[in-house]
Every structure is written in C-alpha cells, then in structure tokens.
Amino acid sequence: MKINLGIQFSREFSIEYLLSINTFEDELNIYFNKKKYGEKILKIYVGIICVSKGFEPFFTVRPLKILRKEPSLEYEFKLDFNEFINSDKEKRDKILSFEFLKKSKEILSTKKIKGFDTEKFLNDLESFFKENNYI
C-alpha cells in the first residue's frame with residue numbers, strides 16, 4: 001500500500017510545515033510498504049487542506065473518490081488553521097494524526113469499497129499512530 005499526501009496550505013506556512021508533512025508521509029509509507037488490503041486498492045491519495053479564513057471559501061473538501069484508471073482511493077480533509085499554525089512541531093504532528101485517523105474513519109466507513117479491507121486498513125492506521133506516539 002502506498003499513501004500520497006497532497007497539501008493545500010495558504011501562504012502563511014513556511015517550508016518547515018511542508019517538510020514536516022513530507023516526513024510524515026515517508027513514515028506512513030515505510031509502515032504501509034508491504035501491507036495489502038485487497039487487490040482493488042493499492043494506493044491512497046489524501047488531500048490535507050489548511051488555509052486561512054480569507055482562502056476558506058476557495059477550498060472545499062471533495063468527497064471520497066474511487067479512481068478507475070489505477071487501483072486507488074482519493075479523499076480530503078481540513079485542519080483547523082489557527083490551531084495548526086500556532087502549534088509547535090510535536091503538537092502539529094498530533095493534530096495531523098488525530099484528524100487523519102478521525103476523518104479516514106468517517107470517510108471510509110460511509111461507503112463499502114469492493115476489494116478493499118477498510119477495517120484492517122483503519123486498524124493498521126491507528127496502530128501506526130499509536131506506535132509512533134502521535135496519538
């Protein structure tokens with residue numbers, strides 16, 4: 001399983017925030033590298049939106065999409081801008097992890113995805129966060 005994180009941050013964020021998300025993505029992919037949850041889904045694209053109030057109307061969360069051209073899923077979630085930008089790295093990692101897990105459970109549990117073991121994936125995702133002391 002491969003997980004790609006796409007970020008949509010407003011201009012207030014420095015490169016430090018972006019590098020933190022890249023590190024987070026690398027850690028996820030090391031953990032999920034050899035895991036399989038069925039043949040129908042081999043990659044998950046997760047969009048993370050965190051924008052200031054002025055940009056908020058332009059960034060709506062799109063619903064879960066099962067991609068047909070490749071065996072993958074795509075979904076997005078938003079982070080609270082003020083909470084995230086005003087936190088230190090450790091707190092940001094915890095916010096990101098908590099919201100990632102919470103939103104993944106909400107989004108993936110609403111639709112039966114044929115050929116994908118959603119429950120096993122969500123359990124592994126929670127285990128990843130706990131093992132790395134993110135939650």
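**Helix packing and strand pairing**

Modeller: Helix 1 (residues 15–32) and helix 4 (residues 118–131) pack at an angle of about 120 degrees, and their axes lie 11 Å apart. That angle makes helix 1 oblique to helix 4; angles under 35 degrees count as roughly parallel, over 145 as roughly antiparallel, 65 to 115 as roughly perpendicular and the rest as oblique. This is a predicted model, in which local features need pLDDT of at least 70 and side-chain atom pairs count only at pLDDT 80 or more, while totals for chains, interfaces and linings use all residues. Residues are numbered from 1 along each chain as its sequence is written, and side-chain values use heavy atoms, with hydrogens and water left out.

Biologist: Which two quantities describe two packed helices?

Modeller: Two packed helices are described by the angle between their axes and the distance between the axes. The axes are lines fitted to C-alpha atoms, for helices over the stretch in contact, and angles run from 0 to 180 degrees between N-to-C directions. Helices (H or I, at least four residues) and strands (E, at least two) are DSSP runs, numbered from the N terminus.

Biologist: At what angle do helix 1 and helix 3 pack?

Modeller: Helix 1 and helix 3 (residues 89–109) pack at about 55 degrees, with axes 11 Å apart. These two helices are therefore oblique to each other. Contact means heavy atoms within 4.5 Å. Helix 1 contributes Glu 16, Tyr 17, Ser 20, Ile 21, Phe 24 and Leu 28 to the contact, and helix 3 contributes Lys 89, Arg 92, Asp 93, Leu 96, Ser 97 and Phe 100. By class, this contact of helix 1 with helix 3 has six nonpolar, two polar and four charged residues; Ala, Val, Leu, Ile, Met, Phe, Trp, Tyr, Cys and Pro count as nonpolar, Asp, Glu, Lys and Arg as charged, and the others, Gly among them, as polar.

Biologist: How many bridges join strand 2 to strand 4?

Modeller: Two strands pair if DSSP finds at least two bridges between them. Seven bridges join strand 2 (residues 43–50) to strand 4, and the two run parallel. Strand 3 (residues 65–67) is joined to strand 4 by three bridges and runs antiparallel to it. Here the partner of Lys 65 is Glu 74 of strand 4. Strands 3 and 4 form a hairpin with four residues between them.

Biologist: Why is strand 4 described as largely enclosed?

Modeller: Five of the seven residues of strand 4 (residues 72–78) are buried, so the rest of the structure largely encloses this strand. Buried means under 20% relative accessible area (1.4 Å probe, protein chains only).

Definitions and conventions: Buried means under 20% relative accessible area, exposed over 50%, partly exposed in between (1.4 Å probe, protein chains only).
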